[in-house]
Amino acid sequence: GGVAGARLDELALQADKRTPVLHQRDRFGRDEDWVEYHPAYREMEQIGFGEFGLHAMSHKPVLGWSKPVTPLIKYAFQYIFAQAEFALLCPLSVTDTSTMLIQKYGDEATKKRFVERMTTQDMSQLLKGAQFMTEKAGGSDVSGNALTARKVGDHWELWGDKWFCSCVDHDVILLLARCEGAPAGNAGLSIFAMPRRLDDGSRNRYRIVRLKDKMGSRSMAAGETIMEGAVAYLMGEPNRGLKHMMDQVNLSRLSHGFRAAGMMRRCLNEALQVARHRTTFGRTLIDHPMARRQLLKLMLPTEQALSVGITAAAAMTAGDEAQLRILTPMLKYRASRDNVAVATGAMEMRGGNGYIEDWGNAKLVRDAHLGLLWEGTSSVNALDIVRRAVGKERAHEALAKGLHKDIDAAPIPGQFRGRVAQLVDRAVDFAEKVSQQPEAEASCRKAASGLYHATSAALMAAEGARLGEKGGDARRLLLSRLVIDHRLGNADPFSLPDHRSEDAMTAALLDDQPVTLNRAMELLGG
């Protein structure tokens with residue numbers, strides 16, 4: 001936390017303004033196409049890869065631990081890291097997940113060639129991972145991918161191009177290609193590991209032809225590549241590459257959810273700091289009723305993402321594949337969308353200074369939008385939730401069972417307990433109904449959002465009650481109520497509401513003092 005809030009944040013602002021530069025040739029005219037980074041980016045790499053080993057902590061002991069950490073701990077580190085730097089979490093995460101795929105699907109020679117150096121914290125020996133999926137035909141729909149693989153001895157050669165290559169100059173790239181003679185569509189894709197340099201140290205036969213001038217995530221180099229017989233190694237079963245690659249995509253989606261959650265926390269903290277110290281029209285900003293309402297709009301999605309994210313990481317830690325299957329795209333879908341609104345709201349809270357690059361708000365706004373695109377757009381994730389996780393895999397049943405278990409075990413006030421439980425059932429029933437009706441595809445985003453909001457309301461109600469019972473802060477009970485009222489409510493848009501109850505809850509939530517369980521129960525009944 002100390003590093004993220006100080007040095008890492010300073011470096012992130014520097015690297016965001018000094019973007020990578022592609023050099024096509026070296027001074028001798030050789031086609032080396034190397035990327036030059038600002039020293040601030042290299043220092044951030046040293047923090048993420050070298051000092052903390054975020055890429056390696058799932059695979060080996062780091063930071064003095066005796067064994068690899070659980071997913072819950074790893075994503076907690078990413079949550080903190082994201083509050084300072086978003087872009088570098090792509091290289092850190094994809095190196096981690098590429099290692100997982102190579103260990104799962106690579107043959108012994110491929111594992112021996114790459115894994116040990118992909119998990120080292122020695123920057124002079126480290127092989128960083130990357131994933132090249134997108135071609136000119138599109139990103140989310142890879143069925144038209146045309147990159148061709150030809151068998152040559154003990155390896156394959158790749159011919160064609162990739163259109164959007166994050167971490168474009170990294171050392172071990174996982175990509176999808178179509179073996180010669182393979183069928184068209186997704187069924188003909190295979191997964192390969194392509195090294196940047198060959199075993200003899202020479203440059204592999206592919207070129208970086210351009211870097212992308214991105215709106216956000218500007219410190220990390222993404223580009224376009226052309227493969228001209230590049231050496232690569234087949235992993236897993238031929239023609240099952242998309243299925244294998246989805247293991248990495250789902251891990252990346254969970255990481256994106258935590259990045260969005262962390263960025264929203266940073267935005268909320270920035271907004272609260274401004275509101276508590278800026279004076280406008282004779283009052284501190286936080287004392288203005290509209291400002292308090294806007295702060296609540298930033299707080300609510302921030303806390304929702306934390307609860308759903310932690311629950312997903314806990315499900316992965318416990319090996320609960322059914323709940324993880326639906327929680328992962330739910331978090332990626334909704335937290336990424338909420339992040340855009342929260343980042344924009346925090347910028348507005350700072351006023352004109354929020355639009356100026358001296359502060360972090362403009363960077364947060366730019367970076368937030370990328371979460372909508374990487375690893376599937378909102379619609380792609382909503383379809384995955386409703387059509388596949390619900391409609392085909394019945395994952396919503398495991399989710400509902402887990403939520404009801406939480407609700408029943410926590411000391412939630414009786415009437416409120418019933419209301420939360422009923423909303424869970426209604427959200428699950430609606431998602432199942434949409435999943436079974438082909439003509440209801442346009443409602444998939446509505447169903448996915450309903451599942452997310454009902455899930456977060458149930459989780460926060462149980463969390464707040466359990467914490468309050470132990471003498472801790474029960475404020476999450478109040479947040480649960482506000483999720484129901486504002487994100488699942490159906491209020492008349494032209495009625496003038498009675499703000500007294502909500503004003504009391506807002507006062508408790510914007511106060512640093514803990515909310516006791518008794519006080520939370522009083523406010524819920526108000």
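Predicted model: local features only at pLDDT ≥ 70, side-chain atom pairs only at ≥ 80, totals over all residues.
1. **Second largest pocket.** The volume of this pocket is about 410 Å³. Its lining includes Arg419, Leu423, Arg426, Ala427 and Phe430. Lys446, Gly450, Ala454, Ile484, Leu488, Gly489 and Asn490 also belong to the lining. The top contributor is α12, with five residues. By class, the lining has six nonpolar, three polar and three charged residues.

2. **Largest cavity.** The structure has two cavities of 30 Å³ or more. The largest holds about 50 Å³ of space. Asp9, Ala12, Leu13, Gln83, Ala84, Arg266, Gly360, Lys363 and Leu364 form its lining. Here α1 (2-17) and α9 (361-370) are the elements with two or more lining residues. The most come from α1, which gives three. The lining residues split into four nonpolar, two polar and three charged.

3. **Second largest cavity.** The space in this cavity is about 30 Å³. Around it sit Phe86, His256, Arg259, Ala260, Met263, Ser336, Asn339 and Gly371. Both α6 (241-277) and α8 (321-350) supply at least two of the lining residues. The largest share is that of α6, at four residues. The class count is three nonpolar, four polar and one charged.

4. Glutamate 224 is buried, because its relative accessible area is 9%.

5. **Salt bridge from loop to helix.** Aspartate 512 and arginine 276 also meet through their side chains in a salt bridge, at 3.3 Å from N to O. Aspartate 512 is in the loop between α15 (500-510) and α16 (517-524), while arginine 276 is in helix α6, so the pair ties together parts that are 236 residues apart in sequence. Aspartate 512 counts as exposed because its relative accessibility is 61%. Arginine 276, at 31%, counts as partly exposed.

6. **Aspartate 473 and arginine 475.** These two residues form a salt bridge, and their closest N and O atoms are 2.7 Å apart. Aspartate 473 has a relative accessible area of 23%, so it is partly exposed. Arginine 475 has 15%, so it is buried.

7. **Salt-bridge network.** Which residues are linked in a network of salt bridges? The members are Arg253, Arg325, Asp384, Arg388 and Glu393.

8. **Positive phi at aspartate 33.** Most residues other than glycine have a negative phi. Aspartate 33 is not a glycine, yet its phi is positive, about 30°. This residue sits in the loop between β1 (21-23) and β2 (34-36). Aspartate 33 counts as buried because its relative accessibility is 3%.

9. **Positive phi at glutamate 375.** Glutamate 375 has a positive phi of about 55°, again without being a glycine. Its place is the loop between α9 and α10 (378-390). The relative accessibility of glutamate 375 is 16%, so this residue counts as buried. The cut-off for buried is under 20%.

10. Leucine 63 lies in the loop between α2 (39-51) and α3 (71-82). Its relative accessibility is 42%, so leucine 63 counts as partly exposed.

Conventions
Residues numbered from 1 in each chain as written. Heavy atoms only, no water. Buried < 20%, exposed > 50% of the residue type's maximum accessible area, 1.4 Å probe, protein only. 1 Å grid on protein atoms, 1.4 Å probe; cavity = no way out; pocket = protein on both sides within 12 Å on 5 of 7 lines; lining within 4 Å. Points joined across faces, edges and corners; volume = space filled by probe spheres on them. Nonpolar A, V, L, I, M, F, W, Y, C, P; charged D, E, K, R; others polar. Salt bridge = Lys/Arg side-chain N within 4 Å of Asp/Glu carboxyl O.
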